[in-house]
Amino acid sequence: MVTTVITYADQALHEPPRPAKPQRETNPTKQRVRAVLITPDGTTLVIKRIRPGIEPYWVIVGGGVEESDATREDALLREVREEIAGDAEIVRLLHEMENAKGEKEFFYLARISTWNFDDRSGPEFQRDDRGEYILEEVPLTAEAIEALNLLPEEIASVLCEALERGNLVPAA
C-alpha cells in the first residue's frame with residue numbers, strides 16, 4: 001500500500017491515497033418545456049421577443065428543466081408561473097423535437113384562465129441585455145400563427161397542421 005506523507009508544522013500525518021471523486025453524471029442533452037396555452041376565449045398566449053439587431057420573433061411560454069423539477073410537467077408549470085404569473089392545467093403532450101442546439105424540447109397543450117405578465121418573476125426578466133418580452137394574446141387560428149415569426153419554425157407548422165385537422169383546441 002502506498003501512503004502519502006503530509007507535513008503540517010512539524011507534524012507528519014500518514015494518509016492512504018484518496019480515491020478520485022466520482023464525476024457527477026449529468027444529462028448531456030438539456031431538456032426544455034413549452035406550453036401552448038389556450039385561454040377561455042380560444043386564444044393562445046405567446047411572447048414577442050425584441051432584441052437589438054434581430055427581427056422580432058415570438059416564442060411559446062416555457063424554458064429549461066432544472067434539477068429541482070421532479071418532472072417535465074412540474075418544470076412546465078414552474079415556467080408558466082415565472083414567465084406570466086399564471087396557473088395552467090396541462091392537457092397533453094403535443095410535440096417533441098430536438099432544436100438546433102441539440103436540446104430536447106417538449107411542447108404541451110395546456111389551458112390557462114388567469115395570468116398577470118406584470119407579476120412575472122423569471123430570471124431572464126431581471127437582465128437588461130436580453131431585450132424586450134411582450135406577452136401577446138393571439139387568435140388560435142392557422143392564419144394568425146402563420147402571420148407570426150413563431151420560433152422554432154417546426155412548432156409553428158405543428159400548430160397550423162393541428163388547427164387545420166381540428167384537433168388542437170382541448171375540450172373544456
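Reader: How many helices and strands make up the secondary structure of the protein chain?
Author: Helices (H or I, at least four residues) and strands (E, at least two) are DSSP runs, numbered from the N terminus. Along the sequence of this predicted model, they follow the pattern β-β-β-β-β-β-α-β-β-β-α-α. The secondary structure therefore comes, by this definition, to three helices and nine strands.

Reader: What average pLDDT does the protein chain have?
Author: This is a predicted model, in which local features need pLDDT of at least 70, side-chain atom pairs count only at pLDDT 80 or more, and totals for chains, interfaces and linings use all residues. Residues are numbered from 1 along each chain as its sequence is written, and side-chain values use heavy atoms, with hydrogens and water left out. pLDDT, the predictor's confidence in each residue from 0 to 100, stays under 50 over residues 1-27. Across the protein chain, 77% of the residues score at least 70, and the average is 84.

Reader: What share of the residues of the protein chain counts as buried?
Author: Buried means under 20% relative accessible area, exposed over 50%, and partly exposed in between (1.4 Å probe, protein chains only). Of the 172 residues of the protein chain, the buried share is 40%.

Reader: Which residue of strand E5 is the bridge partner of Ile-47?
Author: Two strands pair if DSSP finds at least two bridges between them. Strand E4 (residues 43-50) and E5 run antiparallel and are joined by four bridges; they form a hairpin with six residues between them, where Gly-53 in the turn has a positive phi of about 80°. In strand E5 (residues 57-60), Tyr-57 and Val-59 point one way and Trp-58 and Ile-60 the other, and all are buried. Ile-47 has as its bridge partner in E5 Val-59.

Reader: What is the relative accessibility of Ala-85?
Author: Most residues other than glycine have a negative phi. Ala-85 is not a glycine, yet has a positive phi of about 50°. Ala-85 counts as partly exposed because its relative accessibility is 28%.

Reader: Which peptide bond is cis, with omega near -5°?
Author: Most peptide bonds are trans. Pro-152 lies in the loop between helix H2 (142-147) and helix H3 (153-165). The cis bond is the one from Leu-151 to Pro-152.

Reader: Which residues is Asn-149 in contact with, leaving aside its neighbours within four places in sequence?
Author: Asn-149 lies in the loop between H2 and H3, and its C-alpha atom is separated by 7.4 Å from that of Pro-56, 93 residues apart along the chain. Contact means heavy atoms within 4.5 Å. By that rule, Asn-149 is in contact with Pro-56, Tyr-57 and Trp-58.

Reader: At what distance from the ring centre does Arg-49 lie over the face of Tyr-133?
Author: A charge sits over a ring if NZ of Lys or CZ of Arg is within 6 Å of the ring centre and within 35 degrees of the ring normal. Arg-120 lies over the face of Phe-117, at 4.2 Å from the ring centre. For Arg-49 over the face of Tyr-133, the distance is 3.9 Å.
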